[in-house]
Protein chains: 2
Amino acid sequence: MSTVQLTLDEVHSLAAETLTRHGCDDENAGAVARVITDAERDGCHSHGLMRMAGYVATLKSGKVNGKARPKVEQIAPAVVRVDGDGGFAPMALLAGRQPLIDCARKNGIAALALVDIYHFAALWAEIEPLAEAGLCALACTSYKPAVIPAGGKKALYGTNPIAFGWPRKSGEPVVFDQATSVVARGEVMLAAREGHQMAEGVGVDADGNPTTDPNAILEGSLLAFGGHKGSSLAMMVELLAGGLIGESFSFEAAKRDNNDGGPPQGGEFILAMDPGMFGDREGWLDHSETLFEKITEQEGVRLPGDRRRTNRERNLRDGISLPQSVYDKILQL
Amino acid sequence: MSTVQLTLDEVHSLAAETLTRHGCDDENAGAVARVITDAERDGCHSHGLMRMAGYVATLKSGKVNGKARPKVEQIAPAVVRVDGDGGFAPMALLAGRQPLIDCARKNGIAALALVDIYHFAALWAEIEPLAEAGLCALACTSYKPAVIPAGGKKALYGTNPIAFGWPRKSGEPVVFDQATSVVARGEVMLAAREGHQMAEGVGVDADGNPTTDPNAILEGSLLAFGGHKGSSLAMMVELLAGGLIGESFSFEAAKRDNNDGGPPQGGEFILAMDPGMFGDREGWLDHSETLFEKITEQEGVRLPGDRRRTNRERNLRDGISLPQSVYDKILQL
């Protein structure tokens, strides 16, 4: 496969310039380019430049507001609400992050409700800054129906990822980010692009028959991880990122969406807690290190996010290799 | 199998009297008897009278304080902390529930940190009253190592259940409660008692070899549900119910435990949120009903907790059938 070598600065410029050409102002373009660059930096290609086509499509179709000015509201003593003004999620998140951190440090726990946003990025990148600020954080968001409720035949839930982060003494937090489907839709898209088959048990085709063909799964449905348990968690995400914050469930988001190839309008729920305010004021950081030591002392066991950190070190040094086809597609845009 | 027929009042008296004979005062005995009765009422036998032997063992060994007087502290504006005084969890929970509800209604979101408790009950019964009070709630607790971190060989995590509840217009909330292991330890104990085999992929024996023998699994380890995803969630529960609130991780609880057959000392984390304070002040309850309709309109799909509700209706009317062996064992106690 022929590839193009790019530094991370070049990734950022490529993304930002493409977005501004399609109607984003500098601030919105910069916010989105940042999450795309961070995804490429960490080897998370499914959420990197590969998504540019989708971002651009939503700007072209006029669905997303490229000049969004999110409005932050302290809606309850421990709840911050950000109206994303119909823009991309990273912009709303930038507006809400510090208010969330301040609110958590004041109350011990706080929630951030992001509404009227278009979410197309990875959650780990949103959790990491909160954990780096010394907070325990959890985030989830829904999308459009892609996952079948356990026992059923028709997709109803989004892939509904849940991400969680915990601060570490090194300053590099432990962060996991996992779809409640067996695999994330981004991984299926990547397999379709690269011509790989998926494992069995990942999804079904449009008629509900098991298949390993990524294209057939993209037209069909994914299965929840761990059967009814993953399905329950997917329902929980619908309720947190939709029902709780007054935003759409996946099936509602799909109904309203123009299917331009980009994300639908939806919401996101983020939770932040200050462990120093729960009782173990001095010792909690050292205490949690004893758990991480126990986890990693077993051969074959890694902490969540370890692979991303390895990729990060390498890519910060060497830059990234982008498939020529993806690069050409972005230049065309 | 020969059985004894008991009304739910008889279940409660049997549990309460047995506990008071072994050193519980009326209040502590009543709190524990309540959760045991609720478990039997809902057909959740693994957390019902079957657990009496364990409760009694911890009183006999002097590990648990049967006369606990939990202390409630508003440790941060949105965090309530209850020191359980070394007693059974239901007593601490009774003390902390209303303060948690009040705190969530004041701040939009609130957390309850339960420490120095002995937790041996099902989480759904703790979530249900919060959801009945109109709150969205989440709870989790750890135990002693029983589950292997994904990729490893040695149990490190407890079965670490996560429970979640959401209010419904009917007044009967949707509640799920699921171990982060493929099956709960209680189910393995039940299979061992009843002589059933477990499914493949549930657990391994003491040497780390796959087995379907429940007794071998009880001596060995369980696997996390959904591979590394369930394993990440199990880690999250260790951090929430241990690291965050200044209580023990499962491996620490085990180290300190006297292995009398009852629960180890540990903690529990509970989250409560008032959906009316997140933005959709009037419509959230109706809105979530549209999701539940979509879920249940598919043939073969049930809402979490449906089976418990069916059991409840029947058992409230007919009482329960207890295996003679379990009944005899309790009478011996």
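Student: What joins β2(B) to β3(B)?

Tutor: A hairpin does, through 2 residues. This is a predicted model, where local features need pLDDT of at least 70, side-chain atom pairs count only at pLDDT 80 or more, and totals for chains, interfaces and linings use all residues. Residues are numbered from 1 along each chain as its sequence is written, chains are lettered from A and ligands numbered from 1 in the order written, and side-chain values use heavy atoms, without hydrogens and water.

Student: What makes β2 (residues 71-76) and β3 (residues 79-88) of chain B a pair?

Tutor: Strands are DSSP runs of E, at least two residues, numbered from the N terminus. Two of them pair if DSSP finds at least two bridges between them. Here 5 bridges join the antiparallel strands, so they pair. Q74(B) stands opposite V80(B) in β3(B).

Student: How many residues of chain B and chain A are in contact?

Tutor: Contact means heavy atoms within 4.5 Å. Chain B gives 76 residues and chain A gives 76 residues.

Student: What area is buried between chain B and chain A?

Tutor: About 5,800 Å², with 73% from carbon and sulfur atoms. Buried area is the accessible area (1.4 Å probe) that two parts lose on being put together, summed over both. K229(B), L244(B) and F278(B) supply 13% of the area that chain B buries against chain A, more than any other three residues.

Student: How many salt bridges are there between chain B and chain A?

Tutor: The count is 0. A salt bridge needs a side-chain nitrogen of Lys or Arg within 4 Å of a carboxyl oxygen of Asp or Glu.

Key. Helix = DSSP H or I, 4+ residues; strand = E, 2+ residues; numbered from the N terminus.
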